[in-house]
Amino acid sequence: MRSEALLEYWFAHDARLEEALLEDIAKLRRNGLTVALASNQEHLRARYLSERLGLAGHVDHFYYSAAIGARKPDSAFYQHVEQALGEPPETLLLIDDTLENIRAARQAGWRAVHWTAPRRLGDIVAEAGE
């Protein structure tokens with residue numbers, strides 16, 4: 001199997017868009033909240049998620065580790081996002097499914113919530129005080 005075919009298979013079978021999540025994101029954005037996707041990804045998969053799955057059209061910003069040169073939970077990842085957004089850390093909210101990333105975001109001064117299924121994004125953001 002050629003490497004391109006293997007990557008295509010992996011990307012296609014390891015990425016699913018949740019319609020409820022996309023609806024929640026759209027509602028948050030309509031209400032004036034900036035939504036950024038901050039993910040640990042390499043360049044090819046980030047492009048697949050952004051362009052082929054269309055995630056870029058659902059968020060205001062997309063930051064990923066390969067482009068940043070640091071991965072969550074490295075503090076450099078959070079610092080890069082802060083600087084790119086031009087926002088102080090205390091105004092930023094990370095919603096993540098990995099506790100290590102939550103702890104690191106809090107150490108960086110961000111607010112952070114551990115996402116566990118089946119919670120809705122809108123409920124999480126409301127609980128966080130956005």
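At the start of helix α3, a side-chain oxygen of glutamate 42 comes to within 3.0 Å of the backbone nitrogen of leucine 44. This is a polar contact, a pair of N or O atoms within 3.5 Å in which, within protein, one must be able to donate a hydrogen and the other to accept it, with residues adjacent in sequence counting only if both atoms are side-chain atoms. The model is predicted, local features requiring pLDDT of at least 70 and side-chain atom pairs pLDDT 80 or more, whereas totals for chains, interfaces and linings use all residues. Residues are numbered from 1 along each chain as its sequence is written, and side-chain values use heavy atoms, without hydrogens and water.

Helix α3 spans residues 43–52; helices (H or I, at least four residues) and strands (E, at least two) are DSSP runs numbered from the N terminus. Within α3, Arg45, Ala46, Tyr48, Leu49 and Ser50 are buried, that is, under 20% relative accessible area, with exposed being over 50% and partly exposed in between (1.4 Å probe, protein chains only). Just after α3, glycine 54 adopts a positive phi of about 80 degrees.

The whole structure contains 3 aromatic pairs. Rings of Phe, Tyr and Trp (its six-membered ring) pair if their centres lie within 6.5 Å, and planes under 30 degrees apart count as stacked, over 60 as edge-to-face and the rest as tilted. Phenylalanine 77 and tyrosine 78 form an edge-to-face pair, 5.8 Å centre to centre with 75 degrees between the planes. The rings of tyrosine 78 and tryptophan 110 have centres 5.2 Å apart and planes at 85 degrees, so this pair is edge-to-face. It links distant parts of the chain, 32 residues apart: tyrosine 78 lies in helix α5 (residues 75–85), tryptophan 110 in the loop between α6 (99–107) and β4 (111–114). Phe77, Tyr78 and Trp110 form one aromatic cluster.
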